[in-house]
Amino acid sequence: MREELSHLDQNGNVRMVDVTSKQDTERTAVAFGKVKMMKETLKAILEEKIAKGNVFTTAKVSAIMAAKKTSDLIPMCHNINLTHIDVNFSVKEEDCIEITSTVKCIGKTGAEMEALVAVTVAALTIYDMCKAIDKTMEITNVYLLEKAGGKSGDWKR
C-alpha cells in the first residue's frame, strides 16, 4: 500500500505538515542502534579507561539533549514537547554496544524522529569519545523498534 508523501504539496514543493486539527494523544517511540568496535575498545569503556571520561554517561546526556533539539536538525520535523526520554546501553557481544532510546510525548505528532536522533547521537558520542584509540568503529543498525499512539495506532518491528 502506497501512502501519499505528506511533506510535498500538490506541486511537489516541500512543506511542513499541518497538524493543527489533530487531537493530542499520548505517543511513544523506541529506537535502536549499535556501535561495533574492537574488543579492546569495549573493554576500555567498561573499565572507564577512556581519557575523555565516562562514555555511557556522556552519550546518554548527549542523546537526551539531541532528542530535545530534533526539530532544529530535521527541517520538516515539528517541535514537540517531550515528556520523557530514556537511553539505555547494553553489551551482548564482546565488540558491540547496543543503544535503545524511548521517547514519550503528548501531542499531535509522534516522537519517532526524536527517538532515532537520540540513538544516533548517542552512537556518535561513543565514536567521538573513543576515536583516538579505535578508528574502525562502525555505527550500524539504526532503526525504529516500535511506536504507539496517534491516528495510525501502534506499530512494532
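**The helices and the sheet**

Tutor: Among contacts in the chain between residues at least 6 apart in sequence, 70% join residues at least 24 apart, where contact means heavy atoms within 4.5 Å. This is a predicted model, in which local features need pLDDT of at least 70 and side-chain atom pairs count only at pLDDT 80 or more, while totals for chains, interfaces and linings use all residues. Residues are numbered from 1 along each chain as its sequence is written, and side-chain values use heavy atoms, with hydrogens and water left out.

Let us begin with the whole chain. It holds four helices and five strands, and along the sequence these follow the pattern β-α-α-α-β-β-α-β-β; helices (H or I, at least four residues) and strands (E, at least two) are DSSP runs, numbered from the N terminus. Taken along the principal axes, the C-alpha atoms fill a box of roughly 50 × 30 × 30 Å. Of the 157 residues in the chain, 36% are buried, a term that stands for under 20% relative accessible area, with exposed meaning over 50% and partly exposed in between (1.4 Å probe, protein chains only).

Now to the helices. Helix α2 (residues 55–68) packs with helix α4 (residues 112–130) at an angle of about 145 degrees, their axes being 8 Å apart; the axes are lines fitted to C-alpha atoms, for helices over the stretch in contact, and angles run from 0 to 180 degrees between N-to-C directions. The contact involves V55, T58, A59, S62, A63, A66 and A67 on the α2 side, and E114, V117, A118, V121, A122, T125, I126, M129 and C130 on the α4 side. Sorted by class, this contact has twelve nonpolar, three polar and one charged residues, where Ala, Val, Leu, Ile, Met, Phe, Trp, Tyr, Cys and Pro count as nonpolar, Asp, Glu, Lys and Arg as charged, and the others, Gly among them, as polar.

Helix α1 (residues 39–46) has T41, L42, A44 and I45 as its buried residues. These residues cover an arc of only 160 degrees around the axis, which puts them on the same side of α1; the arc is that of the directions from the helix axis to the C-beta atoms. An α-helix has 3.6 residues a turn, so residues three or four places apart point the same way. The buried residues of α1 pack against α2, β2 (82–93), β3 (96–107) and α4.

M38, in the loop between β1 and α1, is partly exposed, with a relative accessible area of 33%. Leaving aside residues up to four places away in sequence, M38 touches I133, D134 and T136, and its C-alpha atom is separated by 7.3 Å from that of M137, although M38 and M137 are 99 residues apart along the chain. Most residues other than glycine have a negative phi, and most peptide bonds are trans.

What do the helices rest on? Helix α4 lies across β1 (25–36), β2, β3 and β4 (138–148), running at about 150 degrees to β3. These strands belong to an open sheet of five in the order β2-β3-β1-β4-β5, with antiparallel pairing; two strands pair if DSSP finds at least two bridges between them. Its edge strands, β2 and β5 (155–156), each pair on one side only. The antiparallel pair β2 and β3 is joined over nine bridges, and I85 stands opposite V103 of β3. β1 and β4 are antiparallel over eight bridges, with A29 opposite K147 of β4, and K147 also stands opposite W155 of β5.
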